[in-house]
Protein chains: 2
Amino acid sequence: MNIKDFTCEQWMTQYERKARYNMTDTSFEALRLEEFLESDAFDGNLVLDYGEIDGAKEFKEQVEKLYSKPNRAITSVHGAVQGNEHVMMSLLESGDHVIAFTPGYQQFYDLPSSIGCLVSLLPYEEDNGWKLPLEKIEKAIGDKTKMIVLASPSNPTGASVSYEEWIALIDLCKDKGIYILCDEVYRGLDGKKVPSISDLYELGIVTGSLSKVYGLPGLRLGWIRANKKIIDLINVRRDYTMISTGPLIDHLGSVALKKKEGILARNRTLLKTNLAFLKGWLAENPHFSGQFFEEAPVAFLHYDFDIDSKTLSLALLKECGVFFVPGSCFGYEGYLRLGLGRDPISFQKGLTQCSQWIEARLKKI
Amino acid sequence: MNIKDFTCEQWMTQYERKARYNMTDTSFEALRLEEFLESDAFDGNLVLDYGEIDGAKEFKEQVEKLYSKPNRAITSVHGAVQGNEHVMMSLLESGDHVIAFTPGYQQFYDLPSSIGCLVSLLPYEEDNGWKLPLEKIEKAIGDKTKMIVLASPSNPTGASVSYEEWIALIDLCKDKGIYILCDEVYRGLDGKKVPSISDLYELGIVTGSLSKVYGLPGLRLGWIRANKKIIDLINVRRDYTMISTGPLIDHLGSVALKKKEGILARNRTLLKTNLAFLKGWLAENPHFSGQFFEEAPVAFLHYDFDIDSKTLSLALLKECGVFFVPGSCFGYEGYLRLGLGRDPISFQKGLTQCSQWIEARLKKI
């Protein structure tokens with residue numbers, strides 16, 4: 001199957017472990033095992049069989065608490081990325097029209113392209129706060145439009161879709177039976193403040209995981225939530241790709257979600273601390289600018305000097321150990337993807353190193 | 001994407017938890033967490049970040065020890081089923097010709113069919129010891145043949161491909177550049193006794209996992225092993241479907257493989273004990289027969305009385321709590337899939353219940 005290189009993921013794989021200051025990881029600082037297990041020692045009697053095939057009941061009950069509207073079904077997956085794959089591969093066919101957005105997660109447009117879907121890639125605009133381009137969507141929708149794929153909050157912009165925007169989008173989709181797949185892996189930092197499309201729309205499908213706002217990417221545990229008919233359909237293909245997520249991970253995931261208030265409070269503090277430092281740093285570094293949001297630990301940082309983003313990122317990594325994903329991985333020049341959820345001391349040192357390097361470099365030009 | 005119901009998996013999901021005597025699970029009796037961790041308490045300091053993207057080095061080093069020929073590459077996956085999916089979805093295109101076998105694992109033929117491959121499904125024959133039908137393969141190979149997909153040892157037959165058979169098959173494939181994908185999830189009970197195609201053929205690709213002969217399906221950890229060029233290609237698509245298997249599972253997997261001798265000795269004893277009882281039971285129950293192998297905990301049990309396999313399986317489950325996957329899930333009548341790696345007491349009680357029920361039932365007919 002012909003599929004393009006996933007540039008952002010390949011960049012991360014190639015360079016992340018060389019970083020001294022990781023300024024671009026979009027997860028919150030990952031928790032250590034004992035940080036969330038605390039006194040809940042592992043149950044040595046846990047039998048490592050396949051467990052409950054579509055996810056442990058105790059885990060799914062905890063997931064359900066993250067949403068408002070009941071009567072939705074859930075199936076477990078190894079991360080939201082696998083969830084997105086399952087949704088798209090189960091519901092899309094060659095020839096279907098899909099609408100996705102840029103800058104965005106490459107999976108949303110190049111996975112459907114790889115199976116012969118026609119994809120309209122609509123631009124978010126920074127001047128408009130990276131908001132959903134509703135007028136462009138209305139124009140792009142056609143008879144063959146089967147699915148709209150997006151993230152809220154979005155990677156790399158951090159912007160969320162508001163309740164009013166969802167209602168307007170649903171209005172464009174519902175009569176035509178268009179699915180809305182929303183990767184909500186960055187949702188939940190403030191509980192239910194960012195609305196979930198699965199609470200609002202019968203054909204709304206969401207994916208989520210413990211990897212970003214819960215700081216537990218190492219569990220590789222996520223979910224798909226939608227109406228039962230859709231989940232049943234997804235589970236047909238899921239049998240060909242996995243059996244279950246397994247009882248150990250399902251159990252650890254439910255422990256983490258039971259303790260989510262503590263984890264989220266820690267992570268909100270990390271984000272606020274980093275945003276406060278960033279604000280001061282931006283005031284002193286007018287070559288940088290951006291839209292920053294309190295809902296998600298990710299932003300698309302703009303710079304206005306003349307170095308392409310790949311060269312800049314490689315130089316910063318090599319010369320200062322400061323690691324960014326370049327905007328070019330999202331098809332944009334003049335941007336760096338900035339993670340806002342990592343350790344504040346490292347964040348501050350990294351930004352300081354970055355601005356010192358830029359200043360020295362700009363003087364030379 | 002149009003894909004058929006995975007009948008065996010759906011049967012397991014629907015009925016397995018109702019079983020009192022599970023006679024059909026093809027894993028060895030699953031280990032409890034403390035059975036293989038022993039004094040190696042979990043490392044509470046383990047950071048739950050994404051870990052090494054294509055699998056932890058320590059885990060891949062342990063996997064490599066299961067094979068003979070060096071210079072192969074490995075990437076980690078969540079079980080062999082996901083490994084098979086990755087191999088087929090990465091290397092196959094609509095229009096490619098694929099050769100698979102029956103009775104066999106439905107994924108091997110219905111996943112490629114779902115993406116538009118033309119599949120030749122060749123029968124294994126019980127009278128021939130369920131051996132590889134080399135003459136039929138030779139006739140089936142054509143200009144568009146891209147891949148041969150099989151399992152060794154096989155599910156549900158338990159038969160393995162011998163060294164000589166592999167050499168003969170490679171001889172048919174190598175000049176035409178045909179990939180051989182072999183699911184070797186049932187390999188390893190006797191170390192390297194069952195040969196691995198990845199040790200014998202440049203275009204041989206194998207998948208394996210901890211789910212069957214190692215008794216740890218709950219870890220959901222497996223691997224793909226092939227030459228580096230193939231693994232690099234698979235990793236391109238893998239970025240769209242998962243990030244990593246995660247540091248916790250990778251670590252537990254490497255602990256289990258370091259202790260494999262103890263686990264395998266336990267499991268060989270389970271299999272031998274069950275096979276010995278089965279031999280006696282078959283002597284007393286001439287309506288049943290089969291081919292049984294010491295390499296794998298699975299067999300396709302034949303019966304010669306006139307009840308269809310689904311009706312028989314449902315009646316045995318309902319009336320005695322004895323659980324089988326019916327032969328019909330593999331497209332065969334007059335068979336039940338028999339797991340040979342479970343607790344011997346349950347195995348013996350289950351078979352006894354089964355024969356008592358059959359006897360009473362046959363008298364009524």
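**Group meeting: a predicted two-chain model**

Helix 7 of chain A, residues 163-173, lies across strand 5 and strand 6 of chain A, at about 145 degrees to strand 6. Before going on, please keep in mind that this is a predicted model.

Chain A has an open sheet of 7 strands in the order 2-8-7-6-5-3-4, with mixed pairing. Strand 2, residues 73-77, and strand 4, residues 118-123, are the edges, each pairing on one side only. On average, neighbouring strands here are turned by 20 degrees against each other, ignoring direction.

Within the sheet, strand 6 (179-183) and strand 7 (204-209) of chain A run parallel and are joined by 4 bridges. Leu181(A) has Ile205(A) in strand 7 as its bridge partner. Helix 4 of chain A also packs on the sheet, touching strands 2, 5, 6, 7 and 8 of chain A, and its direction makes about 155 degrees with that of strand 7.

Now the interface. There, 66 residues of chain A are in contact with 66 residues of chain B. The buried area between the two chains is about 5,300 Å², with carbon and sulfur atoms giving 60% of it. On the chain A side, Met1(A), Leu48(A) and Tyr240(A) lose the most area to chain B, together 17% of what that side buries.

What about polar interactions? Between the chains there are 30 residue pairs in polar contact, both residues at pLDDT 80 or more. Helix 4 of chain A returns here: with 6 residues, it gives the largest share of the side that touches chain B. By class, that side has 31 nonpolar, 19 polar and 16 charged residues. The salt bridges between the chains number 2; Glu85(A) and Arg237(B) meet in a salt bridge at 3.3 Å, N to O.

How values were computed
Residues numbered from 1 in each chain as written. Chains lettered and ligands numbered in written order. Predicted model: local features only at pLDDT ≥ 70, side-chain atom pairs only at ≥ 80, totals over all residues. Heavy atoms only, no water. Contact = heavy atoms within 4.5 Å. Buried area = accessible area lost by both parts, 1.4 Å probe. Salt bridge = Lys/Arg side-chain N within 4 Å of Asp/Glu carboxyl O. Polar contact = N/O pair within 3.5 Å; in protein donor to acceptor, adjacent residues only side chain to side chain. Helix = DSSP H or I, 4+ residues; strand = E, 2+ residues; numbered from the N terminus. Nonpolar A, V, L, I, M, F, W, Y, C, P; charged D, E, K, R; others polar. Pairing = 2+ DSSP bridges. Axes fitted to C-alpha atoms, helices over the stretch in contact; angles between N-to-C directions.
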